[in-house]
Amino acid sequence: MQWVKLLGGLVGAAALLGLGIILGHFAIPKGAEPPAPSVSFAQDLDLEILETVMGQLDASRIRENLRELSREPHLASSPRDEALVQLLLQRWRDPQSGLDSAEASAYEVLLSFPSQEQPNRVAIVGPTGDILFSCRQSEENLTGEQGGPDVVPPYAAYAPSGTPQGLLVYANRGAEEDFKELQTQGIDLNNTIALTRYGGVGRGAKAVNAAKFKVAGVLVYTDPADINDGRSLPNETFPHSWHLPPSGVERGSYYEYFGDPLTPYLPANPSSFRLDPDTVSGFPPIPIQPIGFQDAKVLLCNLQGNSAPDAWQGALGCDYKLGPGFHPDSVFTGSQVNVSVYNRLELRNSSNVLGFIRGAVEPDRYVLYGNHRDSWVHGAVDPSSGTAVLLELSRVLGTLLKKGTWRPRRSVVFASWGAEEFGLIGSTEFTEEFFSKLQERTVAYINVDISVFANATLRAQGTPPVQSVVFSAAKQIPSPGPGSLSIYDNWIRYFNRSSPVYGLVPSLGSLGAGSDYAPFIHFLGISSMDIAYTYDRSKTSARIYPTYHTAFDTFGYVDKFVDPGFRSHQAVAQMAGSVLLRLSDSLFLPLNVSDYTETLQSFLQAAQQYFGALLEQHSISLGPLVTAVEKFEEAAAALSQHISVLQKDTLDPLQVRMLNDQLMLLERTFLNPRAFPEERYYSHVLWAPRTGSVATFPGLANAYFRAMKAGAGSAAWAEVHRQLSIVVAALEGAAATLRPVVNL
């Protein structure tokens with residue numbers, strides 16, 4: 001891949017360091033070189049440039065970007081998806097507003113599609129084999145955009161083929177506890193079909209849990225109580241409001257892991273070793289199919305049996321029963337439900353598109369900004385709202401670059417990832433292929449996937465060191481809408497927390513694995529963030545915007561209901577642009593490592609409060625953890641003080657470089673690839689998946705709860721001790737990284 005060469009050896013600007021250090025080499029043809037602004041090693045964030053960028057980001061251009069991006073469905077590897085690859089390349093190679101260079105690279109990955117010859121089907125089958133009722137195989141064509149040949153029918157990606165048939169039971173959200181509750185109610189789950197609703201546990205987990213109880217097949221629907229605030233009538237839903245219409249079906253990947261299923265830890269190049277698809281782990285073990293709540297109502301409201309618990313009830317207008325089977329007074333009495341799934345697996349080429357701006361002073365330090373390109377259907381919100389912002393920000397920066405007005409201190413890489421919807425595939429393959437280079441040189445990763453869920457407030461997630469740069473940007477940008485509040489002041493009204501250091505501040509959420517930041521933080525240990533605008537939680541209980549992953553997520557939906565005027569899209573572009581410039585142009589990296597102290601103290605206090613007593617009974621002391629947290633706090637405070645002193649002194653290029661490397665590499669010190677052998681790609685000992693409700697160190701918490709279930713005297717307590725030692729070692733390593741580099 002050519003970007004290795006582009007971002008890899010010596011540039012003339014490196015001579016300005018006066019150190020003779022080989023920083024990097026960008027093989028950009030001299031003829032394509034734009035005029036270069038004057039550069040010095042002390043180049044710092046230019047507030048005039050920042051203000052210029054903020055002022056030039058245009059809401060109307062973002063709107064037109066979105067119109068074009070969402071004009072047609074663009075499922076991963078489809079012709080329209082590849083057409084958008086060419087659109088991005090064209091924009092990023094534009095002579096007036098393009099970047100230094102741009103390229104596309106394809107990976108050969110395993111994707112899952114429904115059969116065109118045999119559409120998936122869900123039906124109620126009478127005692128004599130007659131079809132008494134069939135669920136819709138496509139969504140209702142309400143706006144003329146839901147019925148085209150490129151609209152993929154609703155399906156569960158990676159669900160196996162099969163035609164199970166049995167009595168229907170209602171299993172709430174498909175959690176393991178839900179199936180246990182059905183057994184407690186005396187229901188024999190063997191060879192049943194379980195109707196579940198979205199939420200609670202992941203998509204694929206519903207099938208995994210069901211299979212443990214001998215369930216033959218699973219249906220999934222979105223309950224209006226979970227997405228529509230109870231509204232379910234056609235005149236209450238899209239196209240009359242932003243709520244999900246009755247025929248709407250959420251598509252999605254049901255694969256347990258992320259990355260290409262056949263090449264874990266290897267880039268999916270043609271020559272790479274591939275697993276046998278028949279033995280790949282992580283696929284649903286039994287057939288599963290999503291349906292709309294219009295059809296779910298027919299199934300659920302005709303069930304017999306005990307009433308479901310209050311917490312399992314929804315908004316379909318009937319008393320939810322558990323089953324098994326249909327009520328004797330129903331027209332479906334004695335009938336079973338048949339789930340026919342004919343999905344197929346295919347190797348397809350899926351492309352990433354990368355655009356590069358070479359850094360003037362530190363070209364071998366990269367600030368990455370990315371979003372995926374593929375969608376399930378039109379994908380106006382997910383992901384095209386993010387891509388529309390990406391294109392506008394790169395246009396503004398590219399224009400300044402081509403005019404010779406600006407060149408960043410560090411290199412900027414824009415990325416459009418392929419096949420994210422199938423399991424973060426494009427970004428994961430990229431991190432696998434360039435693992436070492438990215439770990440050594442990447443300052444931070446900025447993710448803007450869905451840029452606007454709704455238009456009430458900012459929602460930012462990230463690792464603690466990025467909090468300061470996000471806050472700094474948010475304080476300088478006006479909030480969209482009436483009034484004179486900044487984005488920061490508006491944000492704190494909706495999501496806030498009490499900080500022992502700063503007082504009342506906005507809440508920066510933590511990163512899970514819901515978008516392309518996952519391989520960067522969990523696999524590479526790169527400081528990462530995700531930026532979006534979202535809704536007022538006091539006004540809706542929706543778990544996400546209502547038309548998520550349906551054929552109703554269209555340009556018109558965004559234009560009329562989500563963000564009329566596109567001011568929130570503009571605000572996200574300004575936020576992402578400000579954060580990007582601060583990371584790429586600031587002399588000292590704006591990463592505050594001391595902000596990790598609050599997280600560590602919080603995790604420690606939770607471990608002491610909830611685990612301490614029982615750990616002592618098993619001769620496991622939290623004392624080393626207390627000491628390790630103290631060491632980190634001291635080292636972080638000392639480094640912050642050192643930065644303050646260095647900022648006032650005559651700048652020594654090597655001192656600045658070393659200090660920035662300490663800030664950049666801190667996140668890597670929390671990686672331990674052997675900490676979670678049961679998890680794939682998860683190496684970060686602070687942010688790996690955590691079971692239980694105690695917000696503390698995940699490995700320690702998971703081992704503790706497993707040992708609790710195993711009972712006293714179990715060898716599982718040895719694993720608790722091991723996980724404690726892993727965390728202690730990581731924290732001590734982090735503290736050592738923050739100490740003066742001359743101190744080993």
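Let's start with a pair of helices: the axes of α18 (residues 623-648) and α19 (residues 653-665) come within 12 Å and cross at roughly 150°. Angles over 145 degrees count as roughly antiparallel, so that is how α18 runs relative to α19. Keep in mind that this is a predicted model.

**How α18 and α19 meet**

- In general, two packed helices are described by the angle between their axes and the distance between the axes.
- The crossing of α18 and α19 also has a hand, and here it is left-handed.
- On the α18 side, the residues making the contact are Leu639, His642, Ile643 and Leu646.
- Their partners in α19 are Gln655, Val656, Leu659, Gln662 and Leu663.
- Sort the residues of this contact by class and you get 6 nonpolar, 3 polar and no charged ones.

- Helix α5 spans residues 176-184, and Asp178, Phe179 and Leu182 are buried in it.
- Why do these residues sit on the same side of α5? They cover an arc of only 95° around the axis, so they share one side of the helix.
- Turn to the face pointing away from that buried side and you'll find the exposed residues Glu177 and Thr184.
- So what covers the buried residues of α5? The cover includes β6 (168-170), β7 (193-197) and α6 (203-212).
- After α5 comes glycine 186, with a positive phi near 85°.

- As background, most residues other than glycine have a negative phi, and most peptide bonds are trans.
- Asparagine 191 isn't a glycine, yet its phi is positive, near 65°.
- You can find asparagine 191 in the loop between α5 and β7, and it is partly exposed, with a relative accessible area of 47%.
- Tyrosine 265 isn't a glycine either, and its phi is positive too, at about 70°.
- Look for tyrosine 265 in the loop between β9 and β10 (288-290); at 42% relative accessibility, tyrosine 265 counts as partly exposed.

- Phenylalanine 238 is linked to proline 239 by a cis peptide bond, with omega near 10°.
- Where is proline 239 found? Its place is the loop between α7 (224-227) and β9 (252-253).
- Glycine 323 and proline 324 are joined by a cis peptide bond as well, and omega there is about 5°.
- Proline 324 belongs to the loop between α8 (293-300) and β11 (336-340).

Notes. Residues are numbered from 1 along each chain as its sequence is written. This is a predicted model: local features need pLDDT of at least 70, side-chain atom pairs count only at pLDDT 80 or more; totals for chains, interfaces and linings use all residues. Side-chain values use heavy atoms; hydrogens and water are left out. Axes are lines fitted to C-alpha atoms, for helices over the stretch in contact, and angles run from 0 to 180 degrees between N-to-C directions. Helices (H or I, at least four residues) and strands (E, at least two) are DSSP runs, numbered from the N terminus. Angles under 35 degrees count as roughly parallel, over 145 as roughly antiparallel, 65 to 115 as roughly perpendicular and the rest as oblique. A crossing is left-handed if the near helix is turned anticlockwise from the far one by less than a right angle, and right-handed if clockwise. Contact means heavy atoms within 4.5 Å. Ala, Val, Leu, Ile, Met, Phe, Trp, Tyr, Cys and Pro count as nonpolar, Asp, Glu, Lys and Arg as charged, and the others, Gly among them, as polar. Buried means under 20% relative accessible area, exposed over 50%, partly exposed in between (1.4 Å probe, protein chains only). The arc is that of the directions from the helix axis to the C-beta atoms.
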